[in-house]
Amino acid sequence: MTIVGIDDTDSRTLGMCTTYLGAELAGLLRDAGAPVERTLLVRLNPAVEHKTRGNAAVAVHCDIEPATAHEIVDEVLDRAATGDDQTSPGAVVADCSPDGAPEPVAQFAVDAIQTHHELADARTLIEEVGYRSATRAGGRGRIGALAAVGAWTAFDEWTYECISYRERGRWGSERAVDHGSVFAAAEAGYPTVWDTVDRVEETAVCVPRTPCPILHGIRGDDPDAVRSVAEQIESEAVADRHLFVTNQGTDAHLQPGTIETVHEGHSYRLTATVATEPETREGGHVFLDLEDGGEQLQAAAFEPTKRFRDRVRGLRVGDQITACGEVSDGTLKLEKFALRERVDTERVTPDCPDCGRSMKSVGANAGYRCRDCATSAPGKVEQPVERTLELGWYEVPPVARRHIAKPLVRGGFDALIHPER
Ligand code: ZN
């Protein structure tokens, strides 16, 4: 078997995207007589600088001579929009089975998704393992291409996306998609098919707004189900449809962490105590501080996360949570959190048992008295707090979901879930 990886072929200005070229590559390999086993769409660390739109790389698993695959992918790179100076395409051809990538290549994939690589890391490793590569405009895409090669060996959890492409003459123009049919198809496919729409924001999340060739992308846990939803959507003509196996919706970017050890540009799952009351600041962003072992970290739910901010505002000082998100500018950008232990009482000044009015403090540690009734109390009393937030996992809505973040509805979480749809 041969794995052909490509990356960094997106162009903001010229409307090209890596998934489109990946689909074209798979088609050309098939035309050359190579049975294509699958096309992998791998989302890399969403925080990484120089990222292309969506930070996606593609790997095609097929049965072809590596030299032939190299000729074909080299030709495909010519179709990448190299006129865009932010685009730096690269391809890697690996002579190995998809689940048999060498350990350093598998680790490279994990690091590309969870941490960060320099181009030199990719060049060195490609040389060491003896893979062929092809480049244009600096070939920065070799990083993602090599990561895509190692991904199938490195990870076990995969989902599907059925991407429908537009006719070339329509690229850049407004998409003609019947929203009623999108919402009906989304409803029919849920929960196997997820993040098709955001019902509260009334947004067709599956339809991109960029000038890329994608008409819509339908994501889910089952290849037949995503294709079926795609087919139910009424729209302008579909030029081509391609099924990708992806790491979208898997949380592959999250690593276990502690507040003390977090790094900028990495994403974590960490447990902490809420240290300050959530505060809504200018622009509608909600901030709070988390604490663990004497260390504090600011966390935030930004305005685009919409109704998720209400869940974050529902937190109180003392709550124990597991928080997930990327650390950027010293702030944990919340994607989801689990409320583990909830503060259900607060200590308040006691009321007089006779007249019901609030008692007054007699002095430091001297307790409380009612001046009118001469009743007294030794100190503050516990009183239940009204809490609206239940224990369990909360998440950003589909409209704010990162490609790689796992929707709660997919299951496998360690507490009750409160999925957004
Ligand atoms: Zn009284």
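Q: Which residue stands opposite Thr 273 in S15?
A: In this predicted model, Gln 320 of S15 stands opposite Thr 273. Residues are numbered from 1 along each chain as its sequence is written, and local features need pLDDT of at least 70, whereas side-chain atom pairs count only at pLDDT 80 or more. Side-chain values use heavy atoms, with hydrogens and water left out.

Q: Why are S11 and S13 said to pair?
A: Two bridges link S11 with S13 (residues 286-292) in the antiparallel sense, and the pairing definition therefore applies, since it asks for at least two. Val 274 stands opposite Leu 290 in S13.

Q: In which sense do S10 and S11 pair, parallel or antiparallel?
A: S10 (residues 254-256) and S11 (residues 267-274) pair in the parallel sense, over three bridges. Gln 255 stands opposite Tyr 268 in S11.

Q: Why is Gly 90 called buried?
A: Buried means under 20% relative accessible area, exposed over 50%, and partly exposed in between (1.4 Å probe, protein chains only). Gly 90 has 0% relative accessibility and therefore counts as buried. Gly 90 is found in strand S4 (residues 90-94).

Q: Which residues does Gly 90 touch, not counting those up to four places away in sequence?
A: Contact means heavy atoms within 4.5 Å. Among the residues touched by Gly 90 are Gly 5, Leu 77, Ala 134 and Arg 142. The C-alpha atoms of Gly 90 and Ala 134 are separated by 5.7 Å.

How values were computed
Helices (H or I, at least four residues) and strands (E, at least two) are DSSP runs, numbered from the N terminus.
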